[in-house]
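Please read it with the structure open.

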Amino acid sequence: MTSIVKRSTRLLAGAFIGATALMSWMAAPIVWAHGNVAPQAVDTTGLPELGAEWVETNPFRDNAEFLDLAIEIGASAYNQNCARCHGLEAISGGIAPDLRLLEEEYDGDAWYVERVTKGAVRDGRVYMPPFKDMINQEGLWAIRTYIDSRPDD
Ligand code: HEC
């Protein structure tokens with residue numbers, strides 16, 4: 001009796017170690033290829049302050065004064081915070097939706113805000129973490145501006 005218990009415990013432990021090793025082996029290239037895992041603060045210096053209330057549409061779209069800066073800040077913020085799931089330069093590798101296909105202009109803004117502020121959490125599973133408390137509104141609109149600037153072919 002004891003030996004069976006021991007043997008199956010050992011088997012279980014072996015399987016567990018095997019699975020863990022396999023998982024880290026699989027996870028490692030994704031982490032290396034797609035940049036940092038911990039959310040990175042976004043420096044939005046130079047962009048106008050938008051306050052705590054979310055504006056309804058992207059304030060940097062069609063904004064001659066701030067468009068270039070928003071794209072620049074958004075590119076870096078995207079690659080540090082979103083690329084590991086949505087792909088480098090917004091080209092999805094298949095893990096998460098290709099964001100270049102989001103509805104452009106005003107139609108996609110509401111859905112974008114919904115997802116980036118609340119994330120995608122169902123049945124306690126985090127498919128995408130909420131970014132509301134990590135990146136300010138200016139930073140998240142800059143990311144949207146960058147995504148919009150990417151060609152989607
Ligand atoms: C941990 C992986 C992960 C990270 C990091 C992540 N996302 Fe996502 N995102 C997902 C997944 C998975 C979905 C699909 C959610 C679902 O199943 O409903 C998604 C969906 C979205 C959608 C809705 C897309 C659609 O077609 O409906 C938007 C917009 C979005 N993410 C933006 C972002 C932005 C911007 C960032 C960075 C600030 C980001 N995500 C970071 C995994 C991630």
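The points below go from the overall fold to the core, the hairpin and the ligand.

1. Overall make-up. The model is predicted. Its chain has 5 helices and 2 strands, and along the sequence these follow the order α-α-α-α-β-β-α. Of the 153 residues in the chain, 24% are buried. Among contacts between residues at least 6 apart in sequence, 69% join residues at least 24 apart.

2. Helix H2. This helix covers residues 67-81.

3. The buried residues of H2. Ala-70, Ile-73, Gly-74, Ala-77, Tyr-78, Asn-79 and Asn-81 are buried in H2. An α-helix has 3.6 residues a turn, so residues three or four places apart point the same way. Which elements do the buried residues of H2 pack against? Their partners are H3 and helix H5, the latter being residues 137-149.

4. The largest nonpolar core. This core has 21 residues, and those touching the most other members are Ile-73, Ala-77, Tyr-78, Leu-140, Ala-142, Ile-143 and Ile-147. H2, H4 and H5 each give two or more residues to the core. H5 gives the most, with 6 residues.

5. Ile-73 in detail. Ile-73 is one of the buried residues of H2 and belongs to the largest nonpolar core. Leaving aside residues up to four places away in sequence, Ile-73 touches Val-42, Thr-44, Leu-47, Gly-139 and Ala-142. Of these contacts, Ala-142 is also listed among the core residues that touch the most other members.

6. In which sense do E1 and E2 pair? Strand E1, residues 120-122, pairs with E2 in the antiparallel sense over 3 bridges. Arg-122 has Arg-125 in E2 as its bridge partner. The two strands form a hairpin with 2 residues between them. In the turn, Asp-123 has a positive phi of about 50°.

7. The ligand. How many residues surround the ligand? There are 17, and the closest are Cys-82, Cys-85, Ala-96, Ala-120 and Met-128. Helix H3 (83-86), helix H4 (105-118) and strand E2 (125-128) each give two or more residues to this shell. By class, the shell has 13 nonpolar, 2 polar and 2 charged residues.

8. Links between the points. H3 contributes to the ligand shell, and the buried residues of H2 pack against H3.

Methods: Residues are numbered from 1 along each chain as its sequence is written. This is a predicted model: local features need pLDDT of at least 70, side-chain atom pairs count only at pLDDT 80 or more; totals for chains, interfaces and linings use all residues. A residue is near a molecule or strand if its C-beta atom, placed from the backbone, lies within 6 Å of it. Helices (H or I, at least four residues) and strands (E, at least two) are DSSP runs, numbered from the N terminus. Ala, Val, Leu, Ile, Met, Phe, Trp, Tyr, Cys and Pro count as nonpolar, Asp, Glu, Lys and Arg as charged, and the others, Gly among them, as polar. The expected span of a helix is 1.5 Å times one less than its number of residues. A residue is buried if 20 or more other C-beta atoms lie within 10 Å of its own, exposed if 12 or fewer, and partly exposed in between; C-beta atoms are placed from the backbone. Two residues are in contact if their C-beta atoms, placed from the backbone, lie within 7 Å. A nonpolar core is a set of buried Ala, Val, Leu, Ile, Met, Phe, Trp, Tyr and Cys residues joined through C-beta atoms within 7 Å. Two strands pair if DSSP finds at least two bridges between them.
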